Protein chains: 2
Amino acid sequence: MKNETPLNIALIGFGTVGSGVARILATQAETLSIKAGRPINLRRVVVRDASKSREYLPAGISVSTDVADVVNDPEIQLVVQLVGGIDPAHEYMKSFLAAGKDVVTANKALIYQHGESLFQLAATNGRTIGFEAAVAGGIPIISAVTQALAGNRILSIEGILNGTSNFILTQMLDHEQTYEDVLKEAQALGYAEADPAMDVDGTDAAQKLSILTELAFATRVPLESIVRQGIDCLELLDLQVAQELGYKIKLLATSRLHGERLEVSVQPTLIRGDRTIAQIDGADNIVAVEGDAVGMTTFSGAGAGQLPTASAVVADIVDYATGRTQLTFQSILRSLKQPSVSIQPQEELSRRYYLRFTVDDRAHVLADIADILGRHEISISSVRQDESSESSSGTARLVIMTHHTTEGSLRGADAELKKLACIQGQSIRLPVAD
Amino acid sequence: MKNETPLNIALIGFGTVGSGVARILATQAETLSIKAGRPINLRRVVVRDASKSREYLPAGISVSTDVADVVNDPEIQLVVQLVGGIDPAHEYMKSFLAAGKDVVTANKALIYQHGESLFQLAATNGRTIGFEAAVAGGIPIISAVTQALAGNRILSIEGILNGTSNFILTQMLDHEQTYEDVLKEAQALGYAEADPAMDVDGTDAAQKLSILTELAFATRVPLESIVRQGIDCLELLDLQVAQELGYKIKLLATSRLHGERLEVSVQPTLIRGDRTIAQIDGADNIVAVEGDAVGMTTFSGAGAGQLPTASAVVADIVDYATGRTQLTFQSILRSLKQPSVSIQPQEELSRRYYLRFTVDDRAHVLADIADILGRHEISISSVRQDESSESSSGTARLVIMTHHTTEGSLRGADAELKKLACIQGQSIRLPVAD
């Protein structure tokens, strides 16, 4: 069974992750060749600036700035494509597949947006795409969903899929800082991008959730169908009140079957403090998958970063070298053709909710709000208004926990609440995970 | 790539896990055939009593009491061997492999004890052994260590690998019950065996740790080389004092590289309360794997039980049906031949420790103990003796937390401490995980 033919690979992009992959390939060469059953040769690297010197590149490797050098090299079997974003990554990927090369990538946005057509192109050309690194970095969640849990009908996927948001929420609570202050610090430390929008508004987590959802439920969920809410609406007070009530607020990505319909959301969510998922702090990610046989299984670890992501990329390379990827990718293609489930309309989402209002600090305010909620059949579980909060401004923070109600009822109530003169500024509404 | 040839399998044993496997194969038949790329046919079942009626068996299946019926059936390619214990499971397994059949098993004791020779026999016959279900039930930890983390040099494996022990410890603390009372309840509820020795003395966890250690470090660790301590030495007071100090006590299985030597232990261990591993309660299992690239990655879920274990068995069956197992098993065989590391002598284990003594409630006791510890260069970090504890008996509980010291120093001190007349009954000594 031993196959000593070397696997020749090319690396497109030598940024953070690319250099991490080169480092692992160089430092673990012998072990990797044992696991893979053959040597893995990094034969070409394509970079933006070929003149820069680079660590961990094998002697005699060809470094160029043109992907055509890879496309036209018949010796390259596998291309490790680590260029981010859609353009030109999408064109690169198509050209590699069309040229009969297999691809490993960490590009989540590309898999989210063009996965369907790229998988089809790969299938047509008898090629494969490995994308373990595209979701949750070093956590092997793609292989868990597609292989390890094969004996299960998956019932739900819940996860913290964006490390930047989780880092910000953790820091806010631990250091009693505002969202804005923590964000600034995170940017200075390199934990958050200069433009953090995709991270903090839930887009990044939603794209990852969409990929996992498609693999688990054979259902394509475009971003527009995901109930999405960012963490930028949160105040420190929300995190503190939630904690006093026994919850942590996390940017939770959820896909859950309700009967034959799928709830798909990415929202700051109150999670009972004793649940594992509530206890993942800092930049870590976690994914909890519930299967009908296995029950709840959770996977956690670094969801981003140079070496964790490179770890997933290298696992994909070894998988390919052994021949497993070819079998797994076929299995994924077949699975994706299973009947899809329909997405639950947003209005029908039924959860408990945390509602926070900034209200005038005077009589009858609570009665007015409670009246509106009651007429929309939103039942109140608990109310909390702290004496101390911002009394100098003449306003107070009012927090209401509801019993189960629907997003539709709340939207109905919202329209009326907006007309109440006693409510100031932005109210927020967060779901509570059961 | 589509392979429509059905995979014919036999099931040996139709107990808890076996019937769970049959149930999943029956209820998920269509999805499984899509994932596997071909139908999976349960063709034969071997049981102790063939006259009993059984759910979830396909029409026309052959139920017999003789494994020879499977050995001699050339149509059976894969045998799912779910007989526990060593005899006759070992003989069965050898006969299947010798007859050219591949095997999937959940038998941890067998893999621990005879894995080496069975793997060799499989290799000689060009066959494979799937054993994902042998460690940590539904948690895909074997595939994580052998595949998903292939790009890592593994630095440590820490885990809660015995659900019964974890259940007992959780119940003791939550319900303020003694070890004996909880054990009785657990036995009545079926969470603990009538003879729980292998669970509570750490044997079960040590066997699982040994299997994981061999896969991660290519190093065979016999039970005798594992520092092993059970939970039956613990009092409720230990759990409570630990909690007040910010720790949870868990039966922790640890393999950790120190330089080029491996610490391997299974001991009740104080773990900082904010670590994920400390927060796994009840019968769940968790495994935290630290890789040099990925950092700390954790996997948790049900470590035992009918359907969780069956979930892992079915994943192995699907893996086999796709052809992946054949590639993975070769990779494992090659990896096991890598240079092994040496086991750290028990005396050199360096940790912080929790020491609990039952002492006469009189002057100079602490001074006597501290003197002995000091002379063995064991430095004390904190001391705690509660006024309330058992004053009626004239004894008190003394808890000492040490700074880093070695198991050897403590053993040296033990010899002297044992001679102190003021120390009553059994003292205990637990490591503290950093």
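Me: Which residue stands opposite Ala10(B) in E4(B)?
Reply: Val79(B) in E4(B) stands opposite Ala10(B). The model is predicted: local features need pLDDT of at least 70, side-chain atom pairs count only at pLDDT 80 or more, and totals for chains, interfaces and linings use all residues. Residues are numbered from 1 along each chain as its sequence is written, while chains are lettered from A and ligands numbered from 1 in the order in which they are written.

Me: How many bridges join E1(B) to E4(B)?
Reply: Four bridges join E1(B) to strand E4 (residues 78-81) of chain B, and the two strands run parallel. Strands (E, at least two residues) and helices (H or I, at least four) are DSSP runs numbered from the N terminus, and two strands pair if DSSP finds at least two bridges between them.

Me: And how many bridges join E1(B) to E2(B)?
Reply: Six bridges join E1(B) to E2(B), again with the strands running parallel. Within this pairing, Ile9(B) stands opposite Leu42(B).

Me: Why is E1(B) largely enclosed?
Reply: Five of the six residues of strand E1 (residues 7-12) of chain B are buried, so the rest of the structure largely encloses the strand. A residue is buried if 20 or more other C-beta atoms lie within 10 Å of its own, exposed if 12 or fewer, and partly exposed in between, with C-beta atoms placed from the backbone.

Me: What is the order of the open sheet of six strands in chain B?
Reply: The order is E3-E2-E1-E4-E5-E6 (chain B), with parallel pairing. Strand E3 (62-64) and strand E6 (129-130) of chain B stand at the edges with a single partner strand each, so one side of each has no neighbour in the sheet. E3(B) pairs with strand E2 (residues 40-46) of chain B in the parallel sense over three bridges, and there Val45(B) stands opposite Val63(B).

Me: On to chain A. In what order do six strands form an open sheet there?
Reply: In chain A the six strands form an open sheet in the order E3-E2-E1-E4-E5-E6, and the pairing is parallel. Strand E3 (62-64) and strand E6 (129-130) of chain A are at the edges, each with a single partner strand, so one side of each is left without a neighbour in the sheet.

Me: How many residues of E2(A) are buried?
Reply: Six of the seven residues of E2(A) are buried, and the strand is mostly covered. Six bridges join E2(A) to strand E1 (residues 7-12) of chain A in parallel, with Leu42(A) as the bridge partner of Ile9(A). Three bridges join strand E2 (residues 40-46) of chain A to E3(A), also in parallel; Val45(A) stands opposite Val63(A).

Me: Which residues touch the most other members in the largest nonpolar core?
Reply: Val80(A) and Val80(B) do, out of the 277 residues in that core. A nonpolar core is a set of buried Ala, Val, Leu, Ile, Met, Phe, Trp, Tyr and Cys residues joined through C-beta atoms within 7 Å.

Me: What does Val80(A) touch?
Reply: Leaving out residues up to four places away in sequence, Val80(A) touches Ile9(A), Ala10(A), Leu11(A), Ile12(A), Val21(A), Val104(A), Val313(A) and Ile317(A). Two residues are in contact if their C-beta atoms, placed from the backbone, lie within 7 Å.

Me: Changing topic: is Ala283(A) buried or exposed?
Reply: Ala283(A) counts as buried, because 22 C-beta neighbours lie inside 10 Å. Its place is in the loop between strand E10 (261-272) and strand E11 (284-291) of chain A.

Me: How many residues does the contact take from chain A and from chain B?
Reply: The contact takes 50 residues from chain A and 50 residues from chain B. On the side of chain A that touches chain B, H12(A) gives the most, with nine residues. The residues of that side divide into 21 nonpolar, 24 polar and five charged; Ala, Val, Leu, Ile, Met, Phe, Trp, Tyr, Cys and Pro count as nonpolar, Asp, Glu, Lys and Arg as charged, and the others, Gly among them, as polar.

Me: How many bridges join E12(A) to E12 of chain B?
Reply: Three bridges join E12(A) to strand E12 (residues 295-302) of chain B, and the strands run antiparallel. Thr298(A) stands opposite Ser300(B).
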